[in-house]
Amino acid sequence: ATPAVEPLCSPDSLTAELGPVQGALGARGAILTVINNGDTACSVSGVPDLQITMSGADLAVSTVASPRASAAEFDRGVAGASAAMQLSWRGAGTEESDTVDMTLGIAGGEVPVDVAQGQDGGSLDMETGTQITCEPWR
């Protein structure tokens, strides 16, 4: 039998953060975490949309599921806790921008993302049209 999947989290019950960007040899990655602040268990599902602006300019990034993962692997309960997803992309060689704003499109709504700065103030190193690969929620 398949385990029961909790109802989808409502956007207003979630907060989200992006961990410091790690990078080597042109590859970049960071952990996106969603935290359930609601009173009831809920779940996140699928590949989220991300809207990212740097210094006011919309980067029009796209998100795709990792080719190594099945669709079912993207369903995850976040009962009173959190779920995390590894994001990865190719670095664009951009300079750090003054302001980075990120919004997570999930469960039919939008959740602002708190973007952590790395030890060296690590840049997202993205440009317009960057494609972000998403690993399953865990």
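Is Cys 134 buried or exposed, and what is the relative accessible area of Cys 134? In this predicted model, Cys 134 is buried, with a relative accessible area of 0%. The confidence of the prediction can be described before the contacts are taken up. Across the protein chain the pLDDT averages 84, and 88% of the residues score at least 70. Confidence is highest in strand 12, which spans residues 131–134 and has a mean of 96, whereas confidence is lowest in strand 8, residues 75–77, where the mean is 74.

The charged side chains may be considered next. Side chains of opposite charge can pair when their charged atoms come close. The count of salt bridges comes to 2. One of them joins Asp 125 to Arg 28, with the closest N and O atoms 3.0 Å apart. This pair links distant parts of the chain, since Asp 125 lies in the loop between strand 11 (109–115) and strand 12, while Arg 28 belongs to strand 3 (residues 27–36), and the two are 97 residues apart. Asp 125 counts as buried because its relative accessible area is 5%, which is under the 20% limit for that class. Arg 28, at 21% relative accessibility, counts as partly exposed.

A salt bridge also forms between the side chains of Arg 68 and Glu 135, at a distance of 2.6 Å from N to O. Arg 68 is exposed, with a relative accessible area of 67%, whereas Glu 135 is buried, with a value of 18%. The surroundings of Glu 135 include a further polar partner, as a polar contact of 3.2 Å joins the side chains of Glu 135 and Ser 66. When residues up to four places away in sequence are not counted, Glu 135 touches Ser 66, Arg 68, Phe 74, Met 85 and Gln 86.

A covalent link is found elsewhere in the chain, where the count of disulfides comes to 1. This disulfide is formed by Cys 9 and Cys 42, whose sulfur atoms are 2.0 Å apart. The link connects distant parts of the chain, for Cys 9 lies in the segment before strand 1 (14–18) and Cys 42 in the loop between strand 3 and strand 4 (43–45), 33 residues apart. With 85° about the S-S bond, the link of Cys 9 and Cys 42 is right-handed, and both of these cysteines are buried.

The nonpolar residues complete the description. The largest nonpolar core holds 33 residues, of which Leu 18, Val 44, Leu 87, Leu 104 and Leu 124 touch the most other members. At least two residues of this core are supplied by each of strand 1, strand 3, strand 5 (49–54), strand 9 (82–90), strand 10 (100–106), strand 11 and strand 12. The largest share, 4 residues, comes from strand 9. The contacts of Leu 104, one of the residues named above, reach several stretches of the sequence: leaving out residues up to four places away in sequence, Leu 104 touches Ala 16, Leu 32, Val 34, Pro 48, Asp 49, Leu 50, Gly 109, Glu 110, Val 111 and Val 113.

Conventions
Residues are numbered from 1 along each chain as its sequence is written. This is a predicted model: local features need pLDDT of at least 70, side-chain atom pairs count only at pLDDT 80 or more; totals for chains, interfaces and linings use all residues. Side-chain values use heavy atoms; hydrogens and water are left out. pLDDT is the predictor's confidence in each residue, from 0 to 100. A salt bridge is a side-chain nitrogen of Lys or Arg within 4 Å of a carboxyl oxygen of Asp or Glu. Buried means under 20% relative accessible area, exposed over 50%, partly exposed in between (1.4 Å probe, protein chains only). A disulfide is a pair of cysteine sulfur atoms within 2.5 Å. A polar contact is a pair of N or O atoms within 3.5 Å; within protein, one must be able to donate a hydrogen and the other to accept it, and residues adjacent in sequence count only if both atoms are side-chain atoms. Contact means heavy atoms within 4.5 Å. A nonpolar core is a set of buried Ala, Val, Leu, Ile, Met, Phe, Trp, Tyr and Cys residues joined through side-chain atoms within 4.5 Å.
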